[in-house]
Amino acid sequence: MKVTHLGHSCLLVESAGARVLIDPGTFSDFDAVDGLDAILITHQHPDHCDPEKIEGLIARNPQARVGADPQTSAVLQGEGLEVSAHEAGAAYEVGSLTVTPAGRLHAEIHPYIDRIDNLGVLLAADGEPSLFHPGDALDAEPAAPVDVLAVPVSAPWCAVKETIAFVRRIQPGRVVPIHDALLVPPARGMYLKHVGDFGLDGGVEVVDLAGAGPRDL
């Protein structure tokens with residue numbers, strides 16, 4: 001598996017011969033990405049689904065299957081785009097890669113904002129590490145063990161104690177930080193150290209891909 005962090009929550013995952021882009025949002029740089037087999041969107045917030053660029057991304061990758069939570073799917077279908085609605089637990093194939101959505105709702109930001117759909121995605125294939133991207137929620141139950149966990153590190157809806165509890169519950173082999181565009185570099189390092197030191201008993205490996213280009217995992 002090869003993973004590229006394209007900023008904030010956007011990951012390009014290359015596994016089992018498939019190229020999958022997850023959460024192309026406003027804080028991410030995906031303008032040059034093509035040759036995709038799938039575009040997956042966990043929820044409709046602009047930092048995960050850029051409304052000004054998503055049509056161009058889909059047009060640039062006409063062969064890609066586009067999948068999203070039901071609400072985001074409805075919004076994009078209303079714009080005339082061909083999008084499949086995800087259903088939690090309903091797995092499907094992208095080439096030799098299995099995509100299994102998991103979850104239900106976005107984490108609560110505060111009581112004055114309604115919660116929206118949020119479905120994370122588990123990517124798995126024989127002979128490859130599995131990767132789970134949760135979107136903006138920490139309560140999903142992936143359908144299988146997770147080798148690589150994409151971990152939100154800073155958000156209005158998230159505290160580091162909740163991030164650590166999430167990692168300890170999922171028990172991944174390693175973690176990749178995401179949802180980090182709100183952090184300046186010194187503070188970002190502090191968050192990553194908390195996750196690395198306390199995410200599992202004895203610590204968990206943090207694979208920081210920010211600005212690192214493609215990385216084999």
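1. Start with the open sheet: seven strands in the order β7-β8-β9-β10-β11-β12-β13, with mixed pairing. Its edges are β7 (92-94) and β13 (205-206), and each of these pairs on one side only. Strands here are DSSP runs of E, at least two residues long, and helices are runs of H or I, at least four, numbered from the N terminus. Two strands pair if DSSP finds at least two bridges between them.

2. A word on the source: this is a predicted model, where local features need pLDDT of at least 70 and side-chain atom pairs 80 or more, while totals for chains, interfaces and linings use all residues. Residues are numbered from 1 along each chain as its sequence is written, and side-chain values use heavy atoms, leaving out hydrogens and water.

3. Now look at β8 (residues 97-102) and β9 (residues 120-124): they run antiparallel and are joined by five bridges. In one of them, A102 partners G120 of β9.

4. Which helix gives the most to the lining of the largest pocket? That's α2, with three residues. Both α1 (54-60) and α2 (70-78) supply at least two.
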